[in-house]
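Q: Could we go through this model together? I'd like to start with the annotation and then turn to the ligand and the helix packing.

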Amino acid sequence: MATIIYPAPIFGPVHSRRLGISLGINLMPADGKICTFDCIYCECGFNGDNQPKSGRPSRKEVADGLEAKLREMGAEGIVPDVLTFAGNGEPTAHPQFAEIINDTIELRNRYCPKAKVSVLSNSTRAHLSDVHDALMLVDNNILKLDTVDMEYINRVDRPVGTGYDVDKIIESMRSFNGNVIIQTMFMKGTANGESVDNTGDKYVTPWLEALKYISPREVMIYTIDRETPEHGLKKATKEELDGIRDRVIASGIPCTASY
Ligand code: SF4
């Protein structure tokens with residue numbers, strides 16, 4: 001199975017392991033990937049291998065596309081559980097992200113008021129006031145924190161540019177006052193001959209301390225589920241994920257594991 005580039009601006013509905021019947025909203029170009037990370041496990045491939053030729057969908061294209069799809073689904077009797085901002089990169093990097101969130105909430109309220117609006121973000125722009133305020137409006141503000149170890153982040157999540165500071169990211173996560181879900185990828189295997197196993201105490205214990213400081217509503221942990229551009233990666237086992245999940249729960253934070 002190859003890595004995936006999603007259609008834009010709307011894809012699915014798909015059944016998500018974590019979210020139910022999910023209608024995807026992809027704010028990146030339909031023919032490539034744009035992300036502020038370049039994760040070695042990204043299901044969309046490496047940034048450099050999938051550079052888009054077209055532009056991002058406009059605010060109007062997103063709203064029109066979403067409304068048309070919700071009408072079509074309604075005619076078929078299908079109601080989404082969730083409208084999920086995800087796809088070929090980092091959704092909050094769209095210059096009109098905040099306006100698009102407002103449009104989406106308005107369409108959700110009109111066509112499927114019980115559906116949740118979820119954003120899957122890598123957190124790199126969550127400190128910006130317009131992005132922060134927009135994320136405060138959504139039902140599931142799901143922010144990535146794979147570890148608090150900068151060496152690991154630079155090797156595995158690979159922030160684009162030089163501005164990434166995990167301490168600032170943690171402060172930004174805490175500033176949501178609990179209106180945040182932390183998502184964390186656990187995996188094993190190697191990349192360039194070095195271990196990328198973040199399931200042991202060295203990584204889990206300080207990550208857990210950061211979680212207590214952030215005080216999120218929930219934590220979602222998961223492992224590799226699709227083809228990855230780096231081929232030496234391996235899934236964390238169910239037992240390892242369950243053990244980490246139980247440590248999070250024991251610290252008083254709800255946590256789910258997807259295998
Ligand atoms: S943050 Fe998400 S979209 Fe971006 S490179 Fe990592 S896995 Fe891919």
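Q: Which residues does UniProt give for the feature "domain: Radical SAM core"?
A: The unreviewed UniProt entry places that feature at residues 33–185; UniProt positions follow the numbering used here, feature names are shortened, and annotations may be inferred rather than shown by experiment. Residues are numbered from 1 along each chain as its sequence is written. This is a predicted model, in which local features need pLDDT of at least 70 and side-chain atom pairs count only at pLDDT 80 or more, while totals for chains, interfaces and linings use all residues.

Q: And what surrounds the ligand?
A: Around the ligand are Cys 35, Phe 37, Asp 38, Cys 39, Cys 42, Cys 44, Gly 89, Glu 90 and Asn 122, where a residue is near if its C-beta atom, placed from the backbone, lies within 6 Å. This shell divides into five nonpolar, two polar and two charged residues, with Ala, Val, Leu, Ile, Met, Phe, Trp, Tyr, Cys and Pro counted as nonpolar, Asp, Glu, Lys and Arg as charged, and the others, Gly among them, as polar.

Q: Changing topic, at what angle do α1 and α2 pack?
A: Helix α1 (residues 59–75) and helix α2 (residues 97–111) pack at about 20°, with axes 10 Å apart; helices are DSSP runs (H or I, at least four residues), numbered from the N terminus, and axes are lines fitted to C-alpha atoms over the stretch in contact, with angles from 0 to 180 degrees between N-to-C directions.

Q: Parallel or antiparallel, then?
A: The two helices, α1 and α2, are therefore roughly parallel, a term for angles under 35 degrees.

Notes: Parallel < 35°, antiparallel > 145°, perpendicular 65-115°, else oblique.
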